[in-house]
Amino acid sequence: MNNILNLIGRILISSVFLISGINKINQYHGTIEWMESFGVPGILIMPAILLEIIGSLMIIVGYKTQIIAMLFSIFCISLAIIFHNDFSNQMELISFLKNLALAGGFLFLAVNGPGKISLDK
């Protein structure tokens, strides 16, 4: 049962980023404008899309899981600090904490690995 739950957990935690990466492609110019409004260079959208889509798929299938999970953890913390730092806005505070919680989930995955239902095993 643990192996099935590990797989389900990997799918759930990755789905947020897989969908986000696809949305960034569909809303490419709008996302660049939004990023630049925070002082983030729009060129960084490409590595973000690649991490979100390819990294999510790698986590789901369990390939190089621990490395990708560490990258996602750093990514989540960076997103929280850069984009969700207006703590006077409750939704931004919740988004900040959500990103920290996701970073924590990815740290668990980085430390414990993907389980037996994975390409890594």
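Predicted model: local features only at pLDDT ≥ 70, side-chain atom pairs only at ≥ 80, totals over all residues.
Close-up 1. On the α1 side the contact is made by L7, R10, I11, S14, F17, L18, S20, G21, I22, K24 and I25, while α3 contributes I45, A48, I49, E52, I53, S56, L57, I59, I60 and V61. Sorted by class, the residues of this contact comprise 14 nonpolar, four polar and three charged ones.

**Close-up 2. Helix α3 and its buried residues.** The 17 residues of α3 should span 24 Å at 1.5 Å a residue, and the end C-alpha atoms, being 24 Å apart, agree with this expectation. Buried within α3 are I45, A48, I49, L51, E52, I53, G55, S56, M58, I59 and I60, and the buried residues of this helix pack against α1, α2 (28–37), α4 (65–83) and α5 (90–112). After α3 comes G62, which has a positive phi near 75°.

**Close-up 3. Crossing of helix α1 with helix α5.** The axes of α1 and α5 come within 11 Å and cross at roughly 135°, and the two helices are therefore oblique to each other. This crossing is left-handed, with R10, I13 and F17 of α1 meeting L102, G105, F106 and L109 of α5. The contact of α1 with α5 divides into five nonpolar residues, one polar and one charged.

Note on methods:
Residues numbered from 1 in each chain as written. Heavy atoms only, no water. Contact = heavy atoms within 4.5 Å. Helix = DSSP H or I, 4+ residues; strand = E, 2+ residues; numbered from the N terminus. Nonpolar A, V, L, I, M, F, W, Y, C, P; charged D, E, K, R; others polar. Expected span 1.5 Å × (residues − 1). Buried < 20%, exposed > 50% of the residue type's maximum accessible area, 1.4 Å probe, protein only. Axes fitted to C-alpha atoms, helices over the stretch in contact; angles between N-to-C directions. Parallel < 35°, antiparallel > 145°, perpendicular 65-115°, else oblique. Left-handed = near helix turned anticlockwise from the far one by under 90°.
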